[in-house]
Amino acid sequence: MRFDEFDLNDDILDALDEMNFTDCTPIQEGAIGHILDGNDVIAVAQTGTGKTAAYLLPVLSLLGDYSRRGDGIRCIVMVPTHELAKQIDSRLAGFSYYTNISSLAIHGGSDGVEFARQQRGLRMGADIVTATPGRLLAHLKMGKIKLEDVEFFILDEADRMLDMGFYEDIMQIVRQLPTNRQTLLFSATMPSKIQQLATSILNNPVEVKIAVSRPTDKIAQSAVVCYESQKLDILCNYFKQGYSERVIVFASSKLKVKELARQLRSRGWKTDEMHSDLDQLKREDAMFRFSSGKTGILIATDIVARGIDIDDISMVVNYDVPREAEDYIHRIGRTARANSDGKAVTFVSESDQFRFGRIERFLGYEVSKDDVPEQLGEVPPYRPNVGNGRFKGGNRKGGFHRNKSRSNNGGSRSSNPESKKHTGKKRYYHRPQKD
């Protein structure tokens, strides 16, 4: 479906034409019409499917079409990280180029001068504020910022925000919003805690779900069955083979990221780290060094990695097996972007075998297994269907080694709305009070 088939206003369509955006992704096709029709929406789709445009485009169109309630903030986009707040604010600048709609990014990690600038922007009443929960609450507690004019409240990457412990912060902000608003919740997964949040803040929402797509064939996937104590040497062996530039290594916790970065530096590898303990300036410095090629290896947690948007990543390493299949898809999707090829390797320790087996069943095929160098010793057998995968002894080469089926027949794209074109009657955008 094309963007010009929706009832988006001319200013938005002109910006899309200038950016050479013509065809919708499935999540955009499924969500835009419902948002234009004034419905609350729950949208479930993995990162990288076009979720940002799925909510920004219809909201910008509605803000441009209808008059203000007052002179305050009209839309709040809530996000989990500083990096994502900046990224969305940048997208807003492009999509709203031909409009008079103003935007402001509110996030932590900045100095007093930046905090004061954010405070002034909030008091002036920017049309759209993209904010992390903690920083927005800090501004609200200082007073003189009112949210009674908010018409749209958007939660992006809601599952990550709850993982980071932002539930109470979000609810504090919700309590200051008008009940007569349109609420949109976007998430990569739909666990019970997201359902609980949706029940609390959305009104009779439309649900749009896009099945998680399988990885592109341009990603050469493999795994290494090993003991936990072998991982560091295996990683360095890949680096020695030439995979030491434009590499992202994902670890399970910020403590592990710190320790792994320290160990790699001690072995002479140029390494930077990304985790929630770093302030914004340090994160930006690390991203600049990595994106400019001054640092070849970036060690990161899942949460911070959501803000990484670099096209020429040569290899992704899952130092630890991710918790869910969606996280695996998201991680390895950092490589093989912009029609390039890429490599993704996952280290599967004894305790992670059952979890990786679940990922393989989701993919619909066995991921090929790389051999461990002889000098690193024996590895455990690969038995992903037994308990939690804890075994003793074993042969050096582990279980199966060949990828039996690399076909990507799975991942059908569901949620194709019945009505392809939503051209509802124009209305004055002051909604009646909801029951």
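**Close-up 1. Aromatic cluster of Y238, Y319 and F347.** In this predicted model, Y238, Y319 and F347 form one aromatic cluster. Rings of Phe, Tyr and Trp (its six-membered ring) pair if their centres lie within 6.5 Å. The structure holds seven aromatic pairs.

**Close-up 2. The aromatic pair of Y97 and Y98.** The rings of Y97 and Y98 pair edge-to-face, at 5.1 Å centre to centre and 85° between the planes; planes under 30 degrees apart count as stacked, over 60 as edge-to-face and the rest as tilted. Y97 has 61% relative accessibility and therefore counts as exposed, whereas Y98, at 36%, is partly exposed (buried means under 20% relative accessible area, exposed over 50%, partly exposed in between, with a 1.4 Å probe and protein chains only).

**Close-up 3. The crossing of helices α2 and α3.** Helix α2 spans residues 26-36 and helix α3 residues 51-65; their axes come within 9 Å and cross at roughly 25°. The two helices are therefore roughly parallel to each other (angles under 35 degrees count as roughly parallel, over 145 as roughly antiparallel, 65 to 115 as roughly perpendicular and the rest as oblique). Contact (heavy atoms within 4.5 Å) involves I27, Q28, A31, I32, I35 and L36 of α2, and K51, A53, A54, Y55, L57, P58, V59, S61 and L62 of α3. By class, this contact has twelve nonpolar, two polar and one charged residues.

**Notes.** Residues are numbered from 1 along each chain as its sequence is written, and side-chain values use heavy atoms, leaving out hydrogens and water. Local features need pLDDT of at least 70 and side-chain atom pairs count only at pLDDT 80 or more, while totals for chains, interfaces and linings use all residues.

How values were computed: Axes are lines fitted to C-alpha atoms, for helices over the stretch in contact, and angles run from 0 to 180 degrees between N-to-C directions. Helices (H or I, at least four residues) and strands (E, at least two) are DSSP runs, numbered from the N terminus. Ala, Val, Leu, Ile, Met, Phe, Trp, Tyr, Cys and Pro count as nonpolar, Asp, Glu, Lys and Arg as charged, and the others, Gly among them, as polar.
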